[in-house]
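Trainee: Please pick one part of this model and take me through it closely. I would like to know how its pieces pair and pack, and then what lies around them.

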Amino acid sequence: MTESDAPALHDHHGHGPHPLADAALSQPAAAGTIWTCPMHPQIRRPGPGHCPVCGMALEPAAPSAEDLPNPELVDFSRRLWIAGLLSVPLLLVSMGAEMLRVTIVPQRWSPWVQLALTAPIVLWGGAPFFARGWTSLRTRQLNMFTLIALGVGAAFLYSLIATVAPGLFPASFREHGMDVPVYYEAAGIVVTLVLLGQVLELRARAATGRAIRALMNLAPKTARRIAADGTESEIGLDEVQPGDRLRIRPGEAVPVDGVVSDGRSSVDESMLTGEPVPVEKSAGAALTGGTVNGTGSLVMEARAVGADTVLARIVRMVGDAQRSRAPIQAVADRVSGWFVPGVVLIAIVTFIAWSLIGPEPRLGHALLNAIAVLIIACPCALGLATPMSIMVAAGRGARAGVLIKNAEALQAFEKVDTLVIDKTGTLTEGKPRLVGIETVSGIADDALLALAASVEAPSEHPLAQAIVAPAKARGLTVPAATGFASQTGLGVTATVDGQAVAIGNAALMQHLGIDPAPIEAVAEARRSDGAGVMLIAVDGVLAGLLAVADPVRASAREAIAALRSEGLRIVMLTGDNRTTAEAVARAVGGLDEVRADMKPEDKARVIADLKAAGARVAMAGDGVNDAPALAAADVGLAMGTGTDVAIESAGITLTRGDLSAIVRARKLARATMGNIRQNLFFSFLFNGVGVPIAAGILYPVAGILLSPMFAGAAMALSSFTVVLNALRLNAVRL
């Protein structure tokens with residue numbers, strides 16, 4: 001169409017339900033609903049049940065906007081209340097004589113009273129743990145519930161037999177050769193503490209769902225439709241169809257995506273861009289569902305509704321990202337594969353060692369220490385370490401205009417050392433405008449512009465509109481052109497009012513036998529200022545040129561400096577000629593390399609060459625011509641103002657559409673991966689230190705033994721700590 005140097009447009013063993021299921025689980029699922037495990041998203045079932053890998057309750061895969069009670073949280077809370085009420089007298093009866101030096105229940109009745117208090121806690125309160133533990137043994141997928149069921153079950157079963165038939169136990173089990181000790185308090189209090197940990201964790205994890213629910217609730221529940229006769233009626237959002245005319249009153253949210261057909265107002269698009277400054281809207285301007293109208297009244301035409309809206313796509317992307325698995329998760333997966341069997345083996349070794357060389361009663365100490373090992377080693381914190389951080393990061397990014405397609409992209413972006421950026425729509429605004437007219441042969445500026453607008457009028461290309469719009473603004477007559485023909489890489493030709501008009505580059509002029517030399521110096525000066533130049537000939541005679549510039553984004557220089565401070569090498573690729581490209585590079589500063597005259601396949605080849613040289617590459621672009629390079633890069637960054645093809649090819653979408661959004665994405669990636677490493681470190685450290693202490697390694701030197709009750713409290717605290725640490729990502733400054 002135009003001169004080539006013109007701007008080219010172009011798993012874990014965690015627990016508790018996924019936040020997206022907070023509402024979906026509380027209501028009967030719709031027919032055809034797919035159920036999945038939040039920690040093992042590869043598990044997909046046509047109905048509810050438990051995950052065969054980790055034992056967690058499955059949940060509907062589709063998110064819900066309603067913040068309704070989580071049925072598992074309601075159930076566990078009820079079990080916790082009952083268990084807690086029974087645990088208080090259990091502790092007083094079992095440990096009152098030792099701690100308070102008072103006898104609450106006669107010694108010979110104490111085991112029976114403890115049994116009466118403990119049985120409801122273990123058999124009812126802990127029933128979900130035993131059910132999932134049994135499933136894990138049956139399927140040979142050992143997990144946290146395996147350890148809880150074994151530990152609590154062993155303590156309760158031993159105490160039950162010691163109460164009912166104490167004569168079955170040898171003297172080595174008896175305290176000072178008298179009674180067989182019971183450990184009901186260990187079984188009961190551990191179940192209560194595990195329930196407490198689950199409830200606290202479920203409540204904390206619910207915070208990770210607020211971001212996606214807030215997004216879903218941005219769209220209003222109804223819309224005001226204008227009928228053909230001008231009457232208005234309020235209808236449900238699901239009744240809106242493409243082509244409907246809708247009234248948006250001051251202060252109302254835009255119901256669906258579309259364009260303004262009448263009216264003028266300012267619209268708050270901060271939910272999309274993260275920027276608080278309202279955007280002026282008038283006839284023809286695009287509107288996005290969920291944005292908020294200001295003080296004016298607008299009439300819009302609906303274009304995209306339901307699942308096709310930008311807001312719906314954002315919600316899907318956030319939900320998919322929250323369920324995705326980061327490569328670093330494989331570390332925990334490998335550890336979990338041998339961790340539970342290893343802990344069971346350590347518990348067995350602990351029991352044998354204490355029963356052989358421990359103090360009296362040896363078998364009693366052996367049993368308690370083995371149970372403590374099983375309880376404290378529950379790998380729930382390890383299982384939650386990565387997915388919790390990813391869930392929170394996906395929600396935090398959505399609020400800042402950084403949409404993560406998957407966790408792998410987030411992890412890869414943290415390691416990127418080279419950023420390749422397209423010029424148009426990334427460094428520049430992507431909205432070219434006419435900045436100059438130069439004429440020769442005595443033709444007037446307006447006449448030259450009218451001829452060019454006639455040829456370009458049928459085209460929707462931004463460069464064409466940069467010529468047509470000012471012609472209409474000047475009130476020029478733009479006659480229809482005939483005989484339109486496009487010559488790839490050269491330009492276009494057409495006939496306007498009997499005149500043969502050619503618009504293109506110097507090569508087109510030479511191809512038509514026209515010498516571009518008389519205006520070449522002026523053209524080069526325009527290019528040096530960053531403008532694209534289109535030469536125009538009329539009836540075989542050079543008539544002049546039009547200079548079209550795509551303004552550099554106001555934030556580009558500051559963003560480039562921020563990216564350089566992150567240690568990134570920045571390479572600009574563009575289809576423009578080198579003179580224009582270097583002018584833009586001078587305007588933004590800080591670029592390490594500029595490559596011009598690039599075709600789409602050239603951009604992908606540059607990415608491949610950089611990766612072959614050992615660079616970890618991110619590519620930012622917004623056009624169809626950027627899609628191959630976005631797909632070839634380690635991480636593709638699609639500017640949200642760009643095309644669907646670019647967005648689908650990228651791992652991260654930046655809704656604001658300029659380089660400052662890349663800075664935010666980089667900060668989020670670094671904060672998230674740092675948070676994950678903290679979680680993994682504390683999880684490994686906790687188990688690395690806790691298991692030996694529970695086994696009694698400190699007893700010979702310090703006389704310290706870890707009660708199963710304290711082991712249960714430590715286990716619950718470790719999981720809760722991981723969740724709270726992940727939630728800190730909500731406060732990261734981006």
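Mentor: Start with the open sheet of 6 strands, which pair in the antiparallel sense in the order S15-S20-S19-S18-S17-S16. Two strands count as paired if DSSP finds at least two bridges between them; strands (E, at least two residues) and helices (H or I, at least four) are DSSP runs, numbered from the N terminus. S15 (433-439) and S16 (481-487) are the edge strands, each with a single partner, so one side of each has no neighbour in the sheet. From one strand to the next, the twist averages 20°.

Residues are numbered from 1 along each chain as its sequence is written, and side-chain values use heavy atoms, without hydrogens or water. The model is predicted: local features need pLDDT of at least 70 and side-chain atom pairs count only at pLDDT 80 or more, while totals for chains, interfaces and linings use all residues.

Next, the nonpolar cores. The largest has 113 residues, and those with the most contacts inside it are Phe413, Ile421, Leu427, Leu591, Leu637, Leu654 and Ile662. A nonpolar core is a set of buried Ala, Val, Leu, Ile, Met, Phe, Trp, Tyr and Cys residues joined through side-chain atoms within 4.5 Å; buried means under 20% relative accessible area, exposed over 50%, and partly exposed in between (1.4 Å probe, protein chains only). Helix H24 (residues 659-695) supplies the largest share of this core, 13 residues. Another core, of 26 residues, lies apart from it and has Leu448, Ala466, Leu546 and Val548 among its members. In soluble globular proteins, nonpolar side chains tend to be buried together.

Not counting residues up to four places away in sequence, Leu427 touches a list of residues including Ala556, Ile560 and Val588. Helix H19 (residues 556-565) packs with helix H20 (residues 578-588) at about 75°, their axes 8 Å apart. This makes H19 roughly perpendicular to H20 (65 to 115 degrees; under 35 is roughly parallel, over 145 roughly antiparallel, the rest oblique). Ala556, Arg557 and Ile560 of H19 meet Arg586, Ala587 and Val588 of H20. The residues of that contact are 4 nonpolar, no polar and 2 charged.

Finally, strand S23 (residues 617-621) is mostly covered, with 5 of its 5 residues buried. Val617, Met619 and Gly621 point one way from S23, and Ala618 and Ala620 the other. S23 runs parallel to S14 (residues 418-422), joined by 4 bridges, and parallel to S24 (residues 635-639), again through 4 bridges. Ala618 is the bridge partner of Leu419 on one strand and of Val635 in S24.

Definitions and conventions:
Axes are lines fitted to C-alpha atoms, for helices over the stretch in contact, and angles run from 0 to 180 degrees between N-to-C directions. Contact means heavy atoms within 4.5 Å. Ala, Val, Leu, Ile, Met, Phe, Trp, Tyr, Cys and Pro count as nonpolar, Asp, Glu, Lys and Arg as charged, and the others, Gly among them, as polar.
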